[in-house]
Amino acid sequence: PDEWPLLGPLWSDLRELTYLESLGALYAAGVPLVDAHRAAVDTVGAPGLRQRLELAHSQLQQGRPLHEGLAAAAALHAETRSLLSTGERAGQLEDALQRARIRRQDAAQRRIALGGRMVGRVLYGLAIVGVFLVLWNFYASYFQLLGRR
């Protein structure tokens, strides 16, 4: 589903949210970053993302900054990595995690709204085709009856 036009990006945004929410809450509660990251990785259910976050965690354990580990593993959306990188360098990682979470939520909500509009348009189009077919069948049988007389 990651390659699907609308569902792939939505799925990606939703997978990241679990991680960002967990990491943000733990880090804000005063849990050291390495421990908070380990616990946040454990909350991720998607195998591909979890594997990339595991790679980032190994980088973090070696003393590298979080943003470098995430970049090396290409674990999250590029925008998320950029927000976290800027925040971590400025000493505002907690705020950056909050902004990244809000950004992923907004992106997911926009994609859901877009999907709803697309589904609505498809259903509307199918309804028009259905009405056309009903009218066609009615008038075809009507003209057929007129032709027999």
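## Phe138 and Tyr142 in helix α6

In this predicted model, Phe138 and Tyr142 lie 4 residues apart in helix α6, so about one helical turn separates them. Helices are DSSP runs (H or I, at least four residues), numbered from the N terminus. Phe138 is partly exposed, with a relative accessible area of 46%, and Tyr142 is also partly exposed, at 40% (buried means under 20% relative accessible area, exposed over 50%, partly exposed in between; 1.4 Å probe, protein chains only).

## Aromatic pairs

The structure holds 6 aromatic pairs. Rings of Phe, Tyr and Trp (its six-membered ring) pair if their centres lie within 6.5 Å; planes under 30 degrees apart count as stacked, over 60 as edge-to-face and the rest as tilted. One of the pairs joins Phe132 and Trp136, with ring centres 6.0 Å apart and planes at 35°, so this pair is tilted. These two residues are 4 apart in helix α6 (residues 93-148), which means a separation of about one helical turn. Trp136 counts as exposed because its relative accessibility is 56%.

The rings of Phe138 and Tyr142 have centres 6.2 Å apart and planes at 10°, so they are stacked. Phe138 and Tyr142 also belong to one aromatic cluster with Tyr139 and Phe143.

## Helix α5

In helix α5, the buried residues include Thr80, Leu84 and Glu88. Just after α5, Gly91 takes a positive phi of about 75°.

## Basis of the values

Residues are numbered from 1 along each chain as its sequence is written. Local features need pLDDT of at least 70, side-chain atom pairs count only at pLDDT 80 or more, and totals for chains, interfaces and linings use all residues, while side-chain values use heavy atoms, leaving out hydrogens and water.
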